Amino acid sequence: MSTPVDERVLANVVEWAGDHDEWGDFRAEVFGAHFGPLMDGLELTDEALFERLGPMTPLVLTAVMEDFLASRFGDDGERNVVDEYLARRGWLEKKQAASYLRAVRDSTPSLYEIVALDPGRAVTVRDLVRETDPERVPDRQLSETTTVWDCFAGRLVGAGRTRRFTEGRLPFPRQAATMCMEDLIGLTKDLPRRLRKAARKEGKKVQMSQLEAREFLLQSPMGPVFFTNQFVMFHVEQAEAGPPELRNTDDEPLVLSTVRFPIAGSEADLAAALDGLTEFDRDGPELNWSWRGRELPPAPLPKELVGDDPEAGTGYLSLGMAEIAGGALQLHVNSVERAERGRELIASRLGALVGTPLTSHEDPAARLENGGGEPGTGYEEPDIPPAEMEAVIHEFQERHYRQVLDESVPMLGNRSPRQAVKTKKGRAAVVEWLKFIENAESQAALQQKRRPLDLSWLWAELKIPKVGSKP
């Protein structure tokens with residue numbers, strides 16, 4: 001976490017540079033490198049560009065200003081604004097402030113992922129570009145304002161207990177971070193070959209690994225510009241597209257729904273009848289059943305997993321979950337349309353074993369939104385205590401994720417998580433999917449000032465160790 005001293009000394013350098021025309025020209029050069037191609041490509045003025053960025057604008061400007069402090073100018077890169085400020089005004093700054101300036105001067109941004117939090121104390125991060133081991137960074141503010149699996153581009157400066165991130169951090173949603181890494185890998189993939197080819201023409205030999213190629217990009221003037229461009233392009237496109245509508249695999253609006261049938265006969269007779277329906281598969285010895293939908297395409301499994309089993313890799317779309325509890329048969333689904341289909345199916349097949357059903361629908365996000373923050377017009381305080389409301393939401397969420405384990409997921413190539421995890425490539429995709437949903441849940445909980453749903457059981461269910469290092 002940067003300190004007031006850090007912010008003050010950076011402001012001193014910027015103010016001093018503003019009083020010298022040549023440094024104003026150099027600063028304009030840096031800002032032009034970051035924003036010029038963006039404005040041309042998007043066909044936007046600077047005012048329109050920053051309007052699209054909205055509250056993200058100060059973060060971007062801070063990151064670019066830090067790049068100005070770290071940049072070198074002149075024919076041989078002999079000039080740097082921090083060096084010249086310290087040479088002329090350094091006697092005014094304390095040793096700690098001067099050390100921080102030099103650390104910013106020598107820093108390079110990279111893309112980081114938060115793998116663990118120690119609230120109020122520190123974050124544990126991994127450099128995704130350099131593929132480093134997780135590193136604990138003391139930062140109270142960051143530990144209280146971020147969530148696990150958050151990603152951001154930033155500069156990590158200092159050493160030991162003084163190790164910290166600067167203020168110019170650009171938060172990347174996981175989707176944006178994934179695209180950023182894909183573009184960075186694509187940008188540097190051919191660099192070693194091109195350098196070897198150029199060196200051979202001069203009778204030299206040059207060896208460079210892919211990680212060294214990434215480091216070359218980070219250390220070059222293109223590195224900071226790359227992250228700025230990725231960040232700005234993503235947020236401008238998001239602003240123009242608007243928020244997406246959540247839908248299930250049948251392209252129906254996502255609404256968590258429950259159909260409750262009172263039991264007219266005995267639970268034993270009802271359980272036996274459900275066991276006899278081809279549409280329902282019992283989940284273990286408990287009174288829980290999966291409502292089976294259409295057959296999913298076979299997952300491509302390695303031969304050692306397939307063996308002689310002709311059905312290996314096959315599966316069915318899970319439409320919902322049924323359970324006998326509290327004197328009723330309850331069918332839990334994630335759309336109004338599925339609730340109606342399930343109600344008709346059970347009523348027609350189980351007949352006198354069940355009574356007249358009642359159906360309820362729930363939008364957890366909307367309910368939590370109404371219950372938190374400042375009440376809107378016509379808002380009435382809910383009768384449900386916050387702790388009970390939280391428990392209800394967690395129950396709905398966990399039920400939804402249990403269904404998803406057997407549903408096709410676009411992020412997994414339209415395979416279910418249980419199918420995808422059986423291959424090496426699919427397992428890596430499942431790890432990213434788990435991070436995505438856990439990060440989304442943690443962010444929602446942070447905004448709504450509630451406890452996040454513990455999704456560690458999902459990792460265990462798929463037999464994936466939940467660790468803070470790369471999968």
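How many nonpolar, polar and charged residues does the lining of the second largest pocket have, by class? There are nine nonpolar, six polar and six charged residues in that lining, where Ala, Val, Leu, Ile, Met, Phe, Trp, Tyr, Cys and Pro count as nonpolar, Asp, Glu, Lys and Arg as charged, and the others, Gly among them, as polar.

## Model and confidence

This is a predicted model, in which local features need pLDDT of at least 70 and side-chain atom pairs count only at pLDDT 80 or more, while totals for chains, interfaces and linings use all residues. Residues are numbered from 1 along each chain as its sequence is written, and side-chain values use heavy atoms, with hydrogens and water left out.

The chain averages a pLDDT of 83, and 85% of the residues score at least 70; pLDDT is the predictor's confidence in each residue, from 0 to 100. Confidence is highest in strand 4 (residues 151-154), at 96, and lowest in helix 13 (residues 303-306), at a mean of 43. The pLDDT is below 50 over residues 299-313, a stretch with 18 contacts in the model beyond near neighbours in sequence; contact means heavy atoms within 4.5 Å. Residues 367-383 also have pLDDT under 50, and the model has 12 contacts for them beyond four places in sequence. Where pLDDT is low, the predicted coordinates should not be read in detail.

## Overall composition

The chain has 19 helices and 13 strands. Both are DSSP runs numbered from the N terminus, helices being H or I with at least four residues and strands E with at least two. Of the 471 residues of the chain, 44% count as buried; buried means under 20% relative accessible area, exposed over 50%, and partly exposed in between, with a 1.4 Å probe and protein chains only. Among contacts in the chain with a separation of 6 or more, 65% are between residues 24 or more positions apart.

## Second largest pocket

The second largest pocket holds about 360 Å³ of space. On a 1 Å grid over the protein atoms alone, a pocket is an open set of points with protein on both sides within 12 Å along at least five of seven lines, whereas a cavity is a set of points where a 1.4 Å probe fits but cannot get out; lining residues have an atom within 4 Å of a point. Grid points are joined across faces, edges and corners, and a volume is the space filled by probe spheres set on the points.

Its lining comprises 21 residues, with Asp67, Ala70, Ser71, Ser220 and Pro221 nearest the centre of the pocket. At least two lining residues come from each of helix 2 (21-42), helix 4 (57-70), helix 10 (210-219) and helix 11 (222-241). Helix 2 gives the largest share, four residues.

Two cavities of 30 Å³ or more are counted. The largest cavity has about 90 Å³ of space. It is lined by 13 residues, of which Ala63, Pro109, Gly168, Leu170 and Pro224 are the closest to its centre. Helix 4, strand 4 and helix 11 give two or more residues to this lining, which has six nonpolar, four polar and three charged residues.

Val64 is in helix 4 and is buried, with a relative accessible area of 0%. Beyond its neighbours within four places in sequence, Val64 is in contact with Val30, Phe31, His34, Phe35 and Thr228. Val64 and Thr228 lie 164 residues apart in sequence, and their C-alpha atoms are 7.8 Å apart.

In helix 9 (residues 191-201), the buried residues are Leu191, Pro192 and Ala199. They cover an arc of only 95° around the axis, which puts them on the same side of helix 9; the arc is that of the directions from the helix axis to the C-beta atoms. Arg200 and Lys201 are exposed on the other side of helix 9. Helix 8 (174-188) and helix 10 are included in what covers the buried residues. Gly203, with a positive phi near 70°, follows helix 9.

Helix 12 (residues 267-275) has Leu270, Ala271 and Leu274 as its buried residues. Their arc around the axis is only 100°, so they are on the same side of helix 12.

Most residues other than glycine have a negative phi. Glu43, which is not a glycine, has a positive phi of about 55°. Glu43 is in the loop between helix 2 and helix 3 (46-53) and counts as exposed, at 72% relative accessibility.

Asn414 also has a positive phi, near 60°. Asn414 is in the loop between helix 16 (386-404) and helix 17 (417-420), and at 46% relative accessibility it counts as partly exposed.
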